[in-house]
Amino acid sequence: PVLTGPVAGLPMYDWPEVHAEVDALWAAISDHLRRAGVEAPTSLWRSGGGQTVTDLWTHPDLLIAQTCGLPVVGSLAGRVEVLGALDHGVEGCEPGDYRSVLVCRADDPAVDLADFRGRRAVFNNSDSQSGMGALVAAVAPLAVDGRFFGEVVESGAHRASIRAVAEGRADLATIDEVSWRLGLDHEPAVDDLRILAWTDPTPGLPLVTGWANGGLRDVLNAAISEAVAGLAVDIREPLHLYGYRPRPTSDYEVIAQRLAAAAAAGYPTAA
């Protein structure tokens, strides 16, 4: 189906088990938007029927969407404007920031990241900061002649990466810590894993708008802030949602800087 009219999507933590809570979050945001005179879709975009998140993020009438920080400084640079980031209360991070956990099997004898030299890593997809960008930044200091792992495979999703390690199809994965929490809630495979280390804090997954709607930035941020503040606990808790932090697009340049540093050290990929 062709997306028409203003579109909105919150796909990044939209696990099937929390679809209802994600819908409730959007219902609150869209209600505040309509009160402010902004035309807002009543339902969220979800992938299917051949549509991918790229179709959402590049839609000419993108009102609000959650994306990853890596595309914001890469393929979406100049196409979207960051509004802010939801705050998931990630330990060791400022509000609105997050980080990733490096996970391996619970019975793996490895003590630290260096013990995974020559082994197999799995990541969710190549445009993911939490799964790929954070892994590159963590491994680059350990690389020799531009290599560290023996093999790196792509799973398609953080949940799939968790399962790949638990089932022995990979030895190490870098998982967005909010996705890890959802895994603790809903994915039995996490019981077979342990956290090896944490990556550096990074600005959280951004909510963005298309440049065509950039003039609404203050109105959009006010609606999101008010909606999140008014959510009931039974909606917040399953989403591990604590608040909202408006922030500029420039906050995400740190992601590009880390990748540039890794490339300068001779480690342009996670191979």
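Modeller: Happy to! In this predicted model, the buried residues of helix 5 pack against strand 5, strand 6, helix 4, strand 8, helix 6 (177–186) and strand 9. Those buried residues are His158, Arg159, Ser161, Ile162, Ala164, Val165 and Ala166. That is seven of the nine residues in helix 5, so the helix is mostly covered, taking buried to mean under 20% relative accessible area. Just past the end of helix 5, glycine 168 adopts a positive phi of about 80°.

Now for the sheet behind these contacts. It is an open sheet of five strands, ordered 7-6-8-5-9, with mixed pairing. Strand 7 (151–154) and strand 9 (193–198) form the edges, each pairing on one side only. From one strand to the next, the twist averages 30°. Strand 5 (residues 100–105) and strand 8 (residues 172–176) run antiparallel and are joined by four bridges. Within that pair, leucine 102 sits opposite threonine 174 of strand 8.

Helix 4 (residues 129–139) packs on it, touching strand 5, strand 6 (120–123) and strand 8, and the direction of helix 4 makes about 120° with that of strand 8. Helix 5 (residues 158–166) also packs on the sheet, where it touches strand 5, strand 6, strand 8 and strand 9. The direction of helix 5 makes about 150° with that of strand 8.

Stepping back, what about the nonpolar cores? The largest has 51 residues, and Leu25, Trp26, Ile29, Leu33, Ile64 and Ile224 touch the most other members. Helix 1 (residues 19–35) gives this core its largest share, six residues. Isoleucine 224 touches Ile29, Ile64, Leu83, Leu207 and Tyr244, leaving aside residues up to four places away in sequence. There is also a second, separate core of 18 residues, with Cys104, Val139, Phe149 and Ala262 among them.

Finally, the whole chain, which has nine helices and 12 strands. Buried residues account for 52% of its 271 residues. Of the contacts between residues at least 6 apart in sequence, 80% join residues at least 24 apart. The C-alpha trace spans about 55 × 40 × 35 Å along its principal axes.

How values were computed. Residues numbered from 1 in each chain as written. Predicted model: local features only at pLDDT ≥ 70, side-chain atom pairs only at ≥ 80, totals over all residues. Heavy atoms only, no water. Pairing = 2+ DSSP bridges. Helix = DSSP H or I, 4+ residues; strand = E, 2+ residues; numbered from the N terminus. Axes fitted to C-alpha atoms, helices over the stretch in contact; angles between N-to-C directions. Contact = heavy atoms within 4.5 Å. Buried < 20%, exposed > 50% of the residue type's maximum accessible area, 1.4 Å probe, protein only. Core = buried A, V, L, I, M, F, W, Y, C linked by side-chain atoms within 4.5 Å.
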